[in-house]
Amino acid sequence: MRIRIVDAFTDRPFAGNPAGVLLLDAFPDDDLLQKVALEVNHAETAFAHRLPEGGAADWALRWFTPATEVALCGHATLATAHVLHTSGAHQGPVRFATRSGVLVATPDADGSITLDFPTAPLTPVEAPEKLAAALGTECRAVLDTGPNVGDLLVEVADEKTVRELTPDHKALAAHSERGVIATARADDPARGYDFVSRCFFPNIGIDEDPVTGSAHTALAPYWCERLGRPALTGLQASPRSGLVRVEPRGERTLLSGRAVTVIEGELLAW
């Protein structure tokens, strides 16, 4: 069984967000999928198998962190689409059947891939007591991102604040289903991005995620409305870092980025 490690939302190795990708004939027991994801030990491992022709989707797709299965994952979807296209397993747009409905990944002429994801519904909420203390800074705005994403989106003072956050991950776990997205407007859009973010997901075993596609389904409508523009580029300012181009279109959001296969090997024990 071939297993690949793909860095997503980057055009260079050892940056972006790494994901394991396995193309299967069918899904085995969930327990085995979880054990493989734990062995791979990246933020997510994606498992996909081809579906019969003529249906609503081309491939079935599931995502597992080292601790649990998740309902939506952008970077592992991008990584899977990249593997399908570079390996010749699929050409052109690919439709994935997932827990979040059918998601489409379309290869672009410039070598990037565009994902069509559901837009996260944003609901302003009062900042929970002790959230600011757990995050380590004042919260300018707090929004719930709905069940698919499961985070609190928190706007903070500025880009410098986002970059310098050292949150109490254990304390953050009490405030949302998955975690917290901290974000701010970019200090200088001339540097190639319009807003910055960092994502902390202690409830699924990930203290900080390097680049998070699903979070950008919430960041996209938030910042496009705030900045009055139809499309933007976000920088996730983790140590690995990565860029996500975003374009909200009502109930759907387009996320675009590149990917690089870094490791390809064989899974010997199954």
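Predicted model: local features only at pLDDT ≥ 70, side-chain atom pairs only at ≥ 80, totals over all residues.

**Pockets**

I began with the largest pocket, which holds about 260 Å³ of space. The term needs its rule: on a 1 Å grid over the protein atoms alone, a pocket is an open set of points with protein on both sides within 12 Å along at least five of seven lines, while a cavity is a set where a 1.4 Å probe fits but cannot get out. Lining residues have an atom within 4 Å of a point. Points are joined across faces, edges and corners, and a volume is the space filled by probe spheres set on them.

Residues are numbered from 1 along each chain as its sequence is written, and side-chain values use heavy atoms, with hydrogens and water left out.

Which residues lie nearest the centre of the largest pocket? I found Phe9, Thr10, Asp11, Gly242 and Leu243, out of 17 lining residues. Strands S15 (232-236), S16 (242-249) and S17 (252-257) each give two or more residues to this lining. S16 gives the largest share, four residues. Here strands (E, at least two residues) and helices (H or I, at least four) are DSSP runs, numbered from the N terminus.

I then sorted the lining of the largest pocket by class: five nonpolar, seven polar and five charged residues. In this scheme Ala, Val, Leu, Ile, Met, Phe, Trp, Tyr, Cys and Pro are nonpolar, Asp, Glu, Lys and Arg are charged, and the others, Gly among them, are polar.

The second largest pocket holds about 190 Å³. It has 13 lining residues, with Val70, Ala71, Glu177, Arg178 and Ile204 nearest its centre. Its lining divides into six nonpolar, three polar and four charged residues.

**Cavity**

How many cavities of 30 Å³ or more are there? I counted one. The largest cavity holds about 80 Å³. Its lining has 14 residues, and Glu44, Cys73, Arg178, Thr212 and Ser214 lie nearest the centre. Helix H2 (74-87), strand S14 (206-209) and helix H6 (213-227) each give two or more residues to that lining. By class, I read six nonpolar, five polar and three charged.

**Cores**

Next I looked at nonpolar cores (sets of buried Ala, Val, Leu, Ile, Met, Phe, Trp, Tyr and Cys residues joined through side-chain atoms within 4.5 Å). The largest has 51 residues, and Trp63 and Phe96 touch the most other members. H6 gives the largest share of this core, seven residues. A second, separate core has 20 residues, including Ala134, Cys139, Val162 and Ala186.

**Threonine 183**

I found threonine 183 in strand S12 (residues 179-185). Is it buried or exposed? Threonine 183 has a relative accessible area of 0%, so it is buried; the cut-offs are under 20% for buried, over 50% for exposed, and partly exposed in between, with a 1.4 Å probe and protein chains only.

A polar atom of its side chain lies 2.7 Å from the backbone oxygen of valine 196. Its side chain also makes a 2.9 Å polar contact with that of tryptophan 223. A polar contact is a pair of N or O atoms within 3.5 Å; within protein, one must be able to donate a hydrogen and the other to accept it, and residues adjacent in sequence count only if both atoms are side-chain atoms.

**Glutamine 236**

Glutamine 236 lies in strand S15. Its relative accessibility is 0%, so glutamine 236 counts as buried. A polar atom of its side chain lies 2.8 Å from the backbone nitrogen of threonine 212. Beyond four places in sequence, glutamine 236 touches several residues (contact means heavy atoms within 4.5 Å), among them Ser197, Asp209, His216 and Gly242.

Isoleucine 113 lies in strand S8 (residues 113-118). It is buried, at 6% relative accessible area. Histidine 82 is 31 residues away in sequence, yet the C-alpha atoms are 7.6 Å apart.

Last, I checked glycine 265 in strand S18 (residues 259-266). Its C-alpha is 5.8 Å from that of arginine 2, 263 residues apart along the chain. Leaving out residues up to four places away, glycine 265 touches Met1, Arg2 and Ile3.
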